[in-house]
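Please load the entry below in a viewer and keep the selection panel open. The tour goes from stop to stop.

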Amino acid sequence: MAQDDSIYYRQGLPVPETPEPGRDAGFWETTDIVGKRVARVDGYERLSGAAVYPSDIKLPNMIYGAILRCPHPHARVKKLNTAPARKMPGVRALISGDAPESGGLQWKYDDYAAPLFDPHCRFEGEVLAAVAADTRYQAWDAVRAIKVEYEVLPYVSDHDQALDDKAPRVHESGNLVGSDEYIRGDADKGLSRADAVVEQTYQTPCELHTPMELHGCVANWDGDRLTIWESSQGVYAVQSRISEVLEMPLSKVRVIGHYMGGGFGSKLQPGKYTVLAALLARKAARPVKMILTREETYLCVGNRPANTMRLKAGARKDGTLTGLDFACTGPSGAYPAGGTSLVDWQIRDLYQCDNVRCSSRDVYIHAGPARPFRAPGHPQGSWALEQMMDDLAEKIGMDPVELRLKNIPEVSQARGNIPYTTTGLRQCIEKGAEQFGWKAAVKKAREHNRSNRAVKRGVGMGACVWIVGGGGPPATVAIKLFRDGSVNLNMGASDIGTGTKTVMALVAAEELGIRPEVIQIEHADTGTTQYATPSGGSKTVPTESPTVRNAAIDVKRQVLEMAAEDLDVPAADLVYQGAEVVSGSNSEKRIRVTEVSRLKKRGVVMGVGYRGPNPEGKSVNPFGAQFCELEVNIGTGEVSILRFLGAHDSGRVLDRLTYDNQVFGGIVMGIGLGLTEFRQLDAKQTGKLCNRNWHDYKLPTALDVPADMVSLPIEIDDPEANNTGAKGLGEPVTIPTAAAIANALYMATSVRFTRAPVNPIEIRRHL
Amino acid sequence: MLPSFSYVRPETVKDTVKHASARGAALHAGGTDLIGCLREGIMDVDKVVSLSALADLYGIRETADDGLTIGALATITEVAENPLVRNKYPGLAQGASEVASPQLRNQGTLGGNLCQKPRCWYYRGEFHCLRKGGDMCYALAGEHQFHAVFGHDRICVITHPSDTAPVLAALGAKLRVAGPDGGKTIAVENLHVPPRDNVLTETVLGPGEVITRIDLPRPAANLKSSYRKVRARRSWDFALAGVALALEMDGDRVENSRVFLSGAAPIPWRSRSVENVIRGRRLDDKTIAEARAAIVENADPLPGNTYKLELFKGVIEEELSAMGRPE
Ligand SMILES: Cc1cc2nc3c(=O)[nH]c(=O)nc-3n(C[C@H](O)[C@H](O)[C@H](O)COP(=O)(O)OP(=O)(O)OC[C@H]3O[C@@H](n4cnc5c(N)ncnc54)[C@H](O)[C@@H]3O)c2cc1C
Ligand code: SF4
């Protein structure tokens, strides 16, 4: 391709300075492209349908898998007769526990290893056998033809009853997965010194992830090499798990996941279905496509566990928090899966308090195991803590915003008082309240409520900290600069719908002075792209963006060295200007990047970047505060959320569009927790799942969320966090939403809704 | 996964009736409900008979006596947006616009809406319950927060899912039905079957009977109609509680009224107690307070859905207050 200057957005102006070899990249003081509103680099592909998701994969000779699952929450398989299924038309492979190829295979939940096929089924949806056939219909017909005799056993569905003596045991060892206690200072003493003490029990429902794209994969063998196209948040995580289960070298397992339709934490790992697809594909000697049904995903690929929380808190009249005493129970499900994981983090670390006690009990129940769900544990803990802060504020006659501002910690108390690199908690609350018009809105709502009986108004808020969000090593990124000046960016990270590709293109563009559109991204393929950890913990941007920067800098260094030969000046004297390399001391001496001889000869310069360590002795965390205004129809219990504002400190904004997108998406998801979503088990009769479709499992719809949503980034320079200064965003944005709604509901109704979701059913039960 | 079935698209009503009379045949209008039922395996169907070629079943027209006739294949969107409907029977337009979601309203038909299967999550799930020929109702002692508070006789506690049926019943609409024995007319209020009569069916239609048109009588000059629905989320959801009103006013007094509830009972539920309270009266605070009490008379709530009583009180209060306000 001939020299094309349109690929550069910078000509004649230096792009960020290239650090000398061995030196770290400096912090960007200003940016040209980073932080702008830039549309997705793959927007056309996604919208037009050209993007190929794992669900779209069609390979020659591909056949289809289906899985027989236990219909009972607790049962023992007495007899499994697969013979009728084997004779069904189109069937090419069938595996079950007694097949030789599944012998000894294990599936791990945390540290708990269970047989891949376990005749003792501990949750509805447990795997018993799998079939591959020429069509999906044939595969399902064959599954239905398998005859099973079950001994149906008593079950426990409710985590609050799981530890009762009479509760049926999920495992021999009993129903306690584990318990945890955290103590700082003396909570009892602290509470005894308070002017106001409040105590309350809170409940949050079990939520289902419900990504648009179903869980599933296509598996294909080429000799002893296995390739898997998986709808995944992390291809390397899938590779590692599958190679472990199938006892194969990592190099022989290639996992590809270019596009994927959402996971929210439930696709950080592969499923048993992935292993089954691989086994069936090997047996049938054909590629096997195994995409679960919505019903299956509701049963067995994770959930946000329900939690029951008891919180007692005390404050002095001046607003000082004197003690927090928190206890929580939650179910892992049938296997260890973090039923109470991180639920107490807001209590431990969000507000200044010297006396804190948190205890939690994670229990087994006969239901599908949990999986991380966007900000695991945090929205639950927030539901309790943020409502209680408002209760305390009311008791001591202080504005809720004021009370929170009184208790801003300067250090991470839960980590032994180490400092944060930056904390924007105060600004999030202050600036958020200001832009939201908090004081005026409170006044207006109170006035409205004095004169209106039928429809009441409320405003509410909540703040948050996210336990991680700083990202960190390991990560490797490679950037290739081609001789025509165009660029290829190679990273292992997935783009889980958050816009990772777009953001990384912007980072590389910023460093190289190239338009993001000419950066082609290769990603999420263990066979051809660099190592990355899965996209979870809001770590992808703070992990990958500095790595991308480092790779771009490596490219620039090499080009400068090469240009130094052409220009006969020391590399240290040269400045990279996007289109050109220019001598700092003699501007006559310049060469177009595409004319650099060694680049022309080699065809490509490849730079490699690694993610450096996080700062020692400091914690990198995002903070946020959200504000909402709503109306409640007192007669019918209908809630209309009128507006929401999210003020988030996630460091530097890399793309304002994808940033706002996360804020809005987080709020929408939080509205689901606060107002609409819950998993319903038929706890009293069968223990089976009642709501297994999109009508019965109630995600919020477009009409349940306000058109008026504002994203207010609180950008604080954080050069210590990493060299782009970005912190995580995807999870904090959904932490305080539900609690802010509950607080607004309280102002509107004078009722504390302690049990989520607060739908008209719940409201009418209390008004 | 769908079962295997054959598909026919007859061109005359007569042929349709013939095909549909066979065992295992099911009529297919928009398919929004039928296909879901087949996928969930809740009925045995081996022949799907499409109505889509039947020209007589389309269109919304005024009748000679100033009423309206709506083809069974009119989509819910057509009903919601039709100027004649909006003008003459605003309650019906409201009812239609409250149905499901835009996509479903574009595809679903009025005839199909009246004949749709219940949405009980046990019925739609893997539970062989009474209504599917089993021997127990799971909802009674199970999870029934969405279930009925009237007319279930503790046999089957579904709520009838349709938002158009209560309004059509309130408006006195009649169905034209073609069948093996020729044509007949059924009032919408007589279409649905309470569990005590037969728990295995939702409508009185027999095998091969096809609704061809829905006829609405000429609206009285003083007719006011409305439909109000409360649901657990604001779209794509069925009624927790709904009220259809058709009031004939004499000045500011209610002369005649027909009040039907949705989300209440296994059939669109006529609330005669509310009708009795408001007949001949102004819709003032006192009347409305009495109507609030009347709407829950004879209710038989289950432990998990007593909230519905308060909800119905709230809805009737809101609706009657709106009706009572001068325009
Ligand atoms: C997710 C979801 C949410 C919904 N929410 C609502 C809601 O909030 N309110 C509401 O009212 N409805 C709701 N519905 C139901 C929807 O309105 C109906 O599915 C639709 O109106 C049915 O019309 P159809 O033409 O698609 O019927 P089909 O699916 O074609 O048929 C439905 C049934 O009626 C029979 N049938 C159809 N036409 C005739 C006829 N002319 N004569 C005799 N029998 C006939 C069929 O045999 C079948 O049994 C919802 C549906 C879904 C899937
Ligand atoms: S309410 Fe009716 S449909 Fe639902 S479980 Fe009971 S019998 Fe079956």
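The stops below cover a ligand site and then a sheet.

This is a predicted model, in which local features need pLDDT of at least 70, side-chain atom pairs count only at pLDDT 80 or more, and totals for chains, interfaces and linings use all residues. Residues are numbered from 1 along each chain as its sequence is written, chains are lettered from A and ligands numbered from 1 in the order in which they are written, and side-chain values use heavy atoms, without hydrogens and water.

Select ligand 1 and its surroundings: 32 residues surround it (a heavy atom within 4 Å). B:Leu27, B:Gly30, B:Thr32, B:Leu34 and B:Thr109 are the closest. By class, the shell holds 15 nonpolar, 11 polar and 6 charged residues (Ala, Val, Leu, Ile, Met, Phe, Trp, Tyr, Cys and Pro are nonpolar, Asp, Glu, Lys and Arg charged, the others, Gly among them, polar).

Next, show polar contacts (N or O pairs within 3.5 Å). A ligand 1 oxygen is 2.6 Å from a polar backbone atom of B:Gly30, and a ligand 1 nitrogen is 2.9 Å from one of B:Ile211. Protein covers 95% of the 970 Å² of accessible area that ligand 1 has on its own (Shrake-Rupley, 1.4 Å probe).

Colour chain B by domain (bounds from an automatic or database assignment). Domain 1 (55-115 + 159-216) and domain 2 (223-324) both give residues to the shell, so ligand 1 lies between them.

Finally, select the open sheet β9-β10-β11-β12 of chain B, whose pairing is antiparallel (strands are DSSP E runs of at least two residues; pairing takes at least two bridges). In chain B, β11 (253-262) pairs with β12 over 2 bridges, and B:Phe260 stands opposite B:Arg270.

Technical notes:
A polar contact is a pair of N or O atoms within 3.5 Å; within protein, one must be able to donate a hydrogen and the other to accept it, and residues adjacent in sequence count only if both atoms are side-chain atoms. Helices (H or I, at least four residues) and strands (E, at least two) are DSSP runs, numbered from the N terminus.
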